[in-house]
Amino acid sequence: MTGKPVLHYFNGRGRMESIRWLLAAAGVEFEEELFETREEFEKLIQGGALMYDQVPMVEIDGMNLVQTRAILRYIATKYDLYGRNLEEQAWIDMYVEGLRDLSDMIMYFPLSLPEEKEMNLEYILQRATVRFFPVYEKALRDHGQDFLVGNRLSWADVQLLEVILMAEECEPSVLSGFPLLQDFKVRSSQIPTINRFLQPGSQRKLALDEESIKTVKDIFKFERGMFLKNMSTIVAEY
Ligand code: GTS
């Protein structure tokens, strides 16, 4: 036992990546138990440490924490990235939940059916540039501060940078209409803990490639229809 949090997940971004980002931004070292096969995942389930037989799971402070949002909130609170009062927490929650709506779409995108890929990408970029990014651009413009809430780094900023970088992987020019977000990206990338996480060789994971998509499908027994359902739900609203 090293006393460091231990993250249990597959060897990819998925829902765990925001947790990695938040720990890294807080300057917390962590270890990872990354499973590669369905058998390894089942062994973890049989061990009884997963409340809902699901990951992400983080061993921290003698607990086996599950449910992504619960884990993130615990880390944000523990490392003082969750505002100074209830009002700041409410703002952080609103920003973080919007960012999660966008990042969930991007997270599912590599799993789109080939014939839906173009349509899904168009939808994601439309949502990013029309619905979500204008909110954060306006927040920075209106209060003229470097960070989204309370004039200091919070969970909302960490999540914003993560999602900006995810969106840029979909479309490199996605920030072209958002000068303050461009500045925010440069500024927040220079924060030493975050900068370290952005360097090659850190515990940051790569986007899913064809090989890892296959692994994830095998581990979680995803079926083709599940992706179709997820993305079609999104597209149906468009
Ligand atoms: N609400 C949960 C959370 O946010 O943590 C959902 C967790 C979840 O669905 N995890 C998936 C899982 O363990 C893996 S992934 O979607 O994060 O890749 N699935 C196995 C199962 O049997 O549900």
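Which residues does Ile106 touch, not counting residues up to four places away in sequence?

Modeller: Keep in mind that this is a predicted model. Leaving out residues up to four places away in sequence, Ile106 touches Ile124, Met166, Ala167 and Cys170. Ile106 itself belongs to helix H4, which covers residues 86-108. Its relative accessible area is 8%, so Ile106 counts as buried, the cut-off for that being under 20%. Ile106 and Arg84 are 22 residues apart in sequence, and their C-alpha atoms are 31 Å apart in space.

Two of the residues named above come up again elsewhere. Ala167 is also in contact with Phe133. Apart from neighbours within four places in sequence, the contacts of Phe133 also include Leu102, Ala128, Ile164, Val174, Leu175, Phe178 and Leu181. The largest nonpolar core has 71 residues, and Phe133 is among those that touch the most other members, along with Ile19, Tyr136, Leu148, Trp155 and Leu181. Helix H6, residues 155-170, supplies the largest share of this core, with eleven residues.

Met166, the other one, touches Arg13 as well. Arg13 sits in the loop between strand E1 (6-10) and helix H1 (17-25). With a relative accessible area of 14%, Arg13 is buried too. The side chain of Arg13 makes a polar contact with the side chain of Glu169 at 2.9 Å. That side chain of Arg13 also reaches the backbone oxygen of Lys205, at 2.8 Å. Beyond four places in sequence, the residues that Arg13 touches also include Arg20, Arg204, Leu206 and Ala207.

Next, the ligand. The residues around the ligand are Tyr9, Phe10, Arg15, Phe41, Gln54, Val55, Pro56, Gln67, Thr68 and Phe220. An N or O atom in the side chain of Arg15 is 2.9 Å from an oxygen atom of the ligand. For the side chain of Thr68, the distance from an N or O atom to a ligand oxygen atom is 2.8 Å. Val55 takes part through its backbone, where an N or O atom lies 2.7 Å from a nitrogen atom of the ligand. Taken alone, the ligand exposes 540 Å², and the protein buries 74% of that.

Last, a pair of strands. Strand E3 (residues 57-60) and strand E4 (residues 63-66) run antiparallel and are joined by four bridges. Glu59 has Asn64 in E4 as its bridge partner. The hairpin of E3 and E4 has two residues between the strands, and in it Asp61 takes a positive phi near 50 degrees.

Terms used:
Residues numbered from 1 in each chain as written. Predicted model: local features only at pLDDT ≥ 70, side-chain atom pairs only at ≥ 80, totals over all residues. Heavy atoms only, no water. Buried < 20%, exposed > 50% of the residue type's maximum accessible area, 1.4 Å probe, protein only. Contact = heavy atoms within 4.5 Å. Core = buried A, V, L, I, M, F, W, Y, C linked by side-chain atoms within 4.5 Å. Pairing = 2+ DSSP bridges. Near = heavy atom within 4 Å. Polar contact = N/O pair within 3.5 Å; in protein donor to acceptor, adjacent residues only side chain to side chain. Areas by Shrake-Rupley, 256 points an atom, 1.4 Å probe, with all protein chains shown as cover.
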